[in-house]
Amino acid sequence: MAAATAAKVLVAARPWAGPAIWLAAFLAFVLAGLLLPLRLPLGSYYWDTAVYLDAAQRIREGQVPNIDFFAPVGPLGYYLVAGLDRLFPNAHPLLAANWSLLPIALPLLAILVFHVAQHSRGLALALLLPFLLFASLPINLHEVYPLPGFDGYGHYNRHVALLLYILIAVLMFVRERALTIWLVAALMLTLFLVKVTGAVAGVMLVGYAVLTARMRLRDACLAAVAVIGALAIVDLASGGLIRAYIDDILTLLKLNTGALLPRFLTVASFKFEVVGPTLVLIGLLVYSSWQARPAGLLSWLRELAISPVGWLAIGLLALTFFETQNTGSLEFIGLWPILLVLLLDWRRRNDSLRPVVMLLICVVAAPSAVNFIERSARAALGAPTYLPLAVDNVGKLGRVSVKPEIAERAPIMLQHYARHQPAYADLAATGQKPSVTLYSEIDHHAIWLLEVEQGIAAIKAWEHANRRELNGVFTLDFVDIMNRLLDRRPPRHVPIGIDPKRSNPQLEAQMIESLHRTDAILAPKCPLTSIRATIFKHFAQTLEGRSKVALAPCWDMYLKP
């Protein structure tokens, strides 16, 4: 009795030792970030974030993802960003996209954490704090460009990584059947609606839980029925959204062909600091288990499968599979709950291998945390010395800052591209870009923002001079942000985030008809790249009968009569 009273007094004196205070502090941090008109340092692939604003505009105009426009991922992320965009109109697009999953993920995480806290508040914090760290800022663990900035790409991949982290933690630490069923169902439903490859990785993990009796087959079936039932309700309520999403998935499978093995090797190479030590740790744990094996090979294999080393192996496989479909993510943070189980197990063991195992656990976990903190700190500490771009017409998308040399270089390069268009057209004809790493370069996205600024100003000037307001536009580029910035109605049935190699389906009658009703089709050309040239060629038939207007040095407009 006295011990229990002492424990309560200690907890009251140390509120920071409980999960509630950390969740509250994190929520306050997020709300402040969404409410304040922040200016953030520009990072790689910033135009990926602009795709979410394009989606928000389409949804605002009544379009339904996958039904009214082809999308390379699930509809949930677009709806969540559209919701945050409406609730927090000053929110920076980077933060809105990065935190859009939190309204779903944080409640699920809180349920898990408070369940675990009933037995161990320290363990609950050990599950909570890594999630809050990795969810805090738009930072990927793999750096694609050496200059610091917040990553403009990989938002939905980070969302899936965070969901898989929670799913693995649920399978590792929840022992109440009903709670496990509903958490697994909610997480699998969310994974499917965010990105189908995340759901495939989740199925691998849940399937392994059934095989190793960590989750009953009946319970897994109940979770699956709940997911299918929820998807059926969504499909009926939306007029076929889920069926359209499945059709888009099948289209993507046709567009994205290629061997899977090279992708595994690619993941292993750029994340070797995690994959390599994990494989060594698995080998060492298998060796340790073999040394203490019971009689019979089958018994040893069964024990190995249900042990943490079995989960470490399946976790590595499932997460690696997901990363083969990605560009930019919080790679392999889902291993952390499994490493936590190993840590709790091996710290009590009297085994000669204990120091090496403990060291390897740290070696596997440390790179992710160190990379995230280091990249976040570089972006935040460098920001005060950065300069804003002169992009007044781009709205909150233009609330970015860059190094002074980039601020000086970007307008010069925009003028250079405009003056030397034949040279870049010649380069594009060979299938080459001005730089091999063009789209990951921060200065390229600064130039792109200036190009968009020029286009918006030119459209407004043209409309004023001709006393005609365009009913909408379509941009022959990766992202079509013009309708959002002009507050116009985007055409229906055209893809979002056009990548000729991954997400540009064949023209269909309804797509062509929608574009024929659109007043203007825009062709950016500073610089003309092979991808822009491919997109132009793909949509060439929709330009027939239109008059070409030299709108600005970096823009041609194809105008409907």
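## Sheet

In this predicted model, proline 41 has serine 401 of β3 as its bridge partner. The pairing of β1 with β3 (residues 400-402) is parallel and runs over 2 bridges.

The open sheet holds 3 strands, ordered β1-β3-β2, with mixed pairing. β1 (40-41) and β2 (387-388) are the edge strands; each has a single partner strand, so one side of each lacks a neighbour in the sheet.

The salt bridges number 25. One of them joins glutamate 331 to lysine 271, with the closest N and O atoms 3.7 Å apart. The two residues lie 60 residues apart in the chain. Glutamate 331 sits in the loop between α16 (308-324) and α17 (336-346), lysine 271 in the loop between α13 (261-270) and α14 (272-291).

Glutamate 331 has a relative accessible area of 1%, so it counts as buried. Lysine 271 is buried too, with a relative accessible area of 1%.

Arginine 488 forms a salt bridge with glutamate 469; their closest N and O atoms are 3.9 Å apart. Arginine 488 is in the loop between α22 (482-486) and α23 (509-517), glutamate 469 in the loop between α21 (442-466) and β4 (473-475). Arginine 488 is buried at 10% relative accessibility. Glutamate 469 is exposed at 59%.

Aspartate 477 forms a salt bridge with arginine 532, the closest N and O atoms being 2.9 Å apart. This pair links the loop between β4 and α22 to helix α24 (residues 530-538), across 55 residues. Both aspartate 477 and arginine 532 are buried.

Glu143, Asp151, Glu374, Arg375 and Arg378 belong to one network, joined by salt bridges that share partners.

Technical notes. Residues numbered from 1 in each chain as written. Predicted model: local features only at pLDDT ≥ 70, side-chain atom pairs only at ≥ 80, totals over all residues. Heavy atoms only, no water. Pairing = 2+ DSSP bridges. Helix = DSSP H or I, 4+ residues; strand = E, 2+ residues; numbered from the N terminus. Salt bridge = Lys/Arg side-chain N within 4 Å of Asp/Glu carboxyl O. Buried < 20%, exposed > 50% of the residue type's maximum accessible area, 1.4 Å probe, protein only.
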